[in-house]
There are 2 protein chains.
Amino acid sequence: MALIVQKYGGTSVGSLERIKAVADKVAQVRRQGHQLVVVVSAMAGETNRLFKLAEQLSDAPNPRETDVLVATGEQVSAALLAIRLRALGYPTVSFLAYQLKILTDACHGQARIKSVECDRIIHALSEGNIAVVAGYQGINEKGDITTLGRGASDLTAVALAAVLKASACEIYTDVDGVYTADPHICPKARRLERISYDEMLEMAGLGAKVLQLRSVELARRYRVPLVVRSSFDDASEGTWVGEEDTSMEDVLVSGVTLDNNQSKITINGVADRPGLAARIFGPIAEAGIVVDMIIQNASADGRTDMTFTVARNDLRRALDQIRLVADEIGAGGISFEDQVAKVSIVGVGMRTHAGVAARMFQVLAKEGINIEMIATSEIKISVVVNSKYGELAMRALHDAFLGQLAADAV
Amino acid sequence: MALIVQKYGGTSVGSLERIKAVADKVAQVRRQGHQLVVVVSAMAGETNRLFKLAEQLSDAPNPRETDVLVATGEQVSAALLAIRLRALGYPTVSFLAYQLKILTDACHGQARIKSVECDRIIHALSEGNIAVVAGYQGINEKGDITTLGRGASDLTAVALAAVLKASACEIYTDVDGVYTADPHICPKARRLERISYDEMLEMAGLGAKVLQLRSVELARRYRVPLVVRSSFDDASEGTWVGEEDTSMEDVLVSGVTLDNNQSKITINGVADRPGLAARIFGPIAEAGIVVDMIIQNASADGRTDMTFTVARNDLRRALDQIRLVADEIGAGGISFEDQVAKVSIVGVGMRTHAGVAARMFQVLAKEGINIEMIATSEIKISVVVNSKYGELAMRALHDAFLGQLAADAV
């Protein structure tokens with residue numbers, strides 16, 4: 001008998017028929033004798049519907065009250081799944097964040113989990129119940145509802161799995177695992193059977209939407225074995241996300257990612273002296289704009305160029321900030337490109353194999369694609385290219401690094 | 001500066017436009033310097049929608065989980081109203097049952113309030129906030145969500161008004177007060193300016209739907225001044241429900257009510273000995289059927305006839321129970337009439353005036369209406385008549401007892 005945490009996403013519980021199907025799947029695992037904690041998202045579309053109601057009442061809906069509003073989505077799903085499981089004859093109890101004291105900070109809409117008390121779940125399981133938990137929500141010190149950010153029902157599931165020391169945390173979604181690349185762009189992309197936490201982190205950070213970034217971080221920290229599976233395809237084994245092992249190093253590159261919604265800003269002729277980077281990026285951070293890659297060229301005549309990327313829909317606001325700062329610091333000028341793409345390759349094999357970057361640049365050169373920026377980490381190499389070459393770059397890199405394996409799989 | 005509790009029903013918050021209108025009304029009172037606690041129902045239709053979801057997943061949805069489900073309706077309304085008030089610039093905080101420790105018994109779907117802690121509301125008001133509270137819900141000793149029964153947002157409002165010692169509890173609904181009779185049946189019906197708790201209790205018990213019975217009981221016990229008003233008609237003063245005073249006794253009859261969904265069962269030839277009533281009504285009560293009027297004729301030959309009324313849609317189940325019992329106790333036979341109506345007159349003036357019953361019977365006789373059963377209380381007289389005479393009886397009684405006043409009002 002194992003203790004398993006399962007999480008079903010919005011499309012998996014998107015209709016009453018699908019909730020019935022989820023209940024059948026849960027019941028099947030329960031019949032095998034396992035203890036089950038099931039975390040659910042809001043029914044697909046519900047969270048957006050609720051946000052839209054708020055937006056029709058206020059230009060900037062109060063964050064505390066918006067959390068009270070949108071948390072109802074998961075509450076409805078949890079109750080409906082529990083009702084169905086009860087109807088099938090399985091003792092089931094649903095729990096909301098306040099009942100499990102899923103304590104978070106007070107950052108409404110993007111709260112971080114500080115602690116979880118699972119006493120009520122442990123008690124419910126010991127009495128033979130299935131526990132169903134509303135994902136995505138917590139409470140702050142005052143006892144007010146907070147939400148954990150988009151996609152954060154994954155986080156609820158991983159946090160519960162960590163505290164309960166579950167033998168696995170199964171994330172059921174509308175795809176059957178983690179792919180070497182987005183199959184919509186790379187027809188040769190294939191499902192990975194296993195991937196390390198570090199690789200998954202890089203891929204989630206790079207825009208692979210299958211798992212929420214923070215839940216992978218949490219899973220890594222508490223060594224929670226994660227598996228991503230399809231709710232709709234029982235045949236597929238999904239993708240296991242776990243500790244890195246030596247066999248993983250044989251694979252040079254595990255995945256290729258593309259983020260086609262980037263833009264690039266360059267500040268020319270910046271005096272190369274301490275504190276200027278803070279002067280430049282401080283106001284941007286305060287405006288809530290996330291800066292991704294930052295490159296500073298080697299200084300020659302005491303002046304340097306600083307280039308960085310932001311999401312395309314933050315470009316205008318970022319430029320507003322930068323123009324103010326550029327005057328203050330006496331920069332030479334500002335240029336920007338609003339249509340750039342970031343293409344990355346990820347793989348723990350890079351740690352032990354040299355020459356991966358060189359090969360990546362060769363592949364792109366062969367396609368005639370100019371590289372505008374380069375950034376590397378221990379297990380990742382990202383390049384920024386003109387947006388129109390994004391998909392071509394992705395396919396070329398996939399063919400080069402993953403083509404052989406893809407052919408094997410076919 | 002007064003502390004006022006307001007409650008807005010489902011139609012009053014039935015759309016975003018109406019929520020905006022409620023926010024405007026609340027803001028207006030706030031600008032007058034009053035402290036405000038606003039209790040809201042679910043948006044019209046929402047509670048039914050949620051119940052229907054549950055019913056599609058289970059023939060008998062688990063009551064605990066159904067409460068988790070349907071409580072979201074009020075949560076959404078409370079959050080939306082708070083968002084709107086914030087957008088208008090009024091500091092506002094919403095509260096759910098668990099945050100106010102609205103402690104109830106464990107009777108899901110029909111829970112009774114045991115205690116309320118208003119510390120968070122008092123604190124919020126002292127900081128200049130408007131408090132918005134989700135009606136209809138509580139928590140039991142375990143901290144699980146309970147609901148208080150249909151129409152019970154009134155109860156939440158009255159309970160809060162009692163604990164907070166509010167100067168008034170204003171119930172905003174889709175009618176502009178309590179009427180002497182249902183205006184759909186009695187065109188001459190008029191709004192009462194004032195009515196006593198006792199009269200309101202009888203009228204609520206007799207089917208006047210404007211106020212929930214238990215909230216009137218609670219208001220009477222804690223002497224909470226209640227006023228029923230229309231959300232849509234600012235001109236009307238509504239109806240005040242309060243303590244009886246001597247001027248009320250001048251009015252013989254305050255209202256006429258009609259319940260046209262009754263049926264009547266008679267058990268003939270019952271041996272007139274102790275314990276038989278319990279034998280008859282025990283199984284009916286166990287089947288969850290509410291028996292309204294019970295009449296036992298004076299015993300002549302040691303045998304008696306027992307007649308009682310039940311709601312029409314309980315008739316079949318009541319007969320099933322009664323047939324079993326009738327055989328056991330050797331009754332002479334069973335007869336029933338499925339189309340009867342109960343017509344009642346209510347008024348505290350009856351306490352001090354004789355002859356009201358006699359006059360009531362004369363009025364009905366003049367219309368050729370046969371009285372099948374009679375039951376009286378200190379301030380109420382009810383008669384059962386054939387259903388087809390129900391509306392006629394109501395109009396005739398209204399004309400006789402309230403016609404003069406109605407004419408005055410015109």
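Reader: Why is Ser58(A) called partly exposed?

Author: A residue is buried if 20 or more other C-beta atoms, placed from the backbone, lie within 10 Å of its own, exposed if 12 or fewer do, and partly exposed in between. Ser58(A) has 18 other C-beta atoms within 10 Å, so it is partly exposed. This is a predicted model, in which local features need pLDDT of at least 70, side-chain atom pairs count only at pLDDT 80 or more, and totals for chains, interfaces and linings use all residues. Residues are numbered from 1 along each chain as its sequence is written, while chains are lettered from A and ligands numbered from 1 in the order in which they are written.

Reader: Where does Ser58(A) lie, and what does it touch?

Author: Ser58(A) is in the loop that joins α2 (46-57) to α3 (63-87) of chain A; helices (H or I, at least four residues) and strands (E, at least two) are DSSP runs, numbered from the N terminus. Leaving out residues up to four places away in sequence, Ser58(A) touches Ile83(B), Arg84(B), Arg86(B) and Ala87(B). Contact here requires C-beta atoms, placed from the backbone, within 7 Å.

Reader: How many residues of chain B are in contact with chain A, and which elements supply them?

Author: On each side, 30 residues take part: 30 of chain B are in contact with 30 of chain A. The elements that give two or more residues to the chain B side are α1 (16-31), α2 (46-57), α3 (63-87) and α4 (97-100) of chain B. The largest share, 15 residues, comes from α3(B). By class, this side of chain B has 16 nonpolar, 9 polar and 5 charged residues. In that count Ala, Val, Leu, Ile, Met, Phe, Trp, Tyr, Cys and Pro are nonpolar, Asp, Glu, Lys and Arg are charged, and the others, Gly among them, are polar.

Reader: What makes the relation between the two chains a two-fold axis?

Author: Chain B can be laid on chain A with an RMSD of 0.2 Å by a turn of 180° and a shift of 0.1 Å along the axis. That is the relation of a two-fold axis. The copies were superposed by least squares on the C-alpha atoms of residues with pLDDT of at least 70 in both. In chain B, Thr72(B) has the C-alpha nearest the axis, 2.7 Å from it. The same surface serves both copies, since 100% of the contact residues of chain B recur in chain A.

Reader: Which residues touch the most other members of the largest nonpolar core?

Author: They are Leu81(A) and Leu81(B), in a core of 231 residues. Such a core is a set of buried Ala, Val, Leu, Ile, Met, Phe, Trp, Tyr and Cys residues joined through C-beta atoms within 7 Å. Beyond its neighbours within four places in sequence, Leu81(B) is in contact with residues including Val13(B), Ile19(B), Val38(B) and Val132(B).

Reader: Is Tyr136(B) buried or exposed, and why?

Author: Tyr136(B) has 29 C-beta neighbours inside 10 Å, so it counts as buried. Tyr136(B) lies in the loop between β6 (130-134) and β7 (137-139) of chain B, and has a positive phi of about 80° although it is not a glycine.

Reader: Is Arg223(A) buried or exposed, and why?

Author: With 11 other C-beta atoms within 10 Å, Arg223(A) is exposed. Arg223(A) also has a positive phi, about 55°, without being a glycine. Its loop lies between α8 (213-221) and β11 (226-230) of chain A.

Notes. Two residues are in contact if their C-beta atoms, placed from the backbone, lie within 7 Å.
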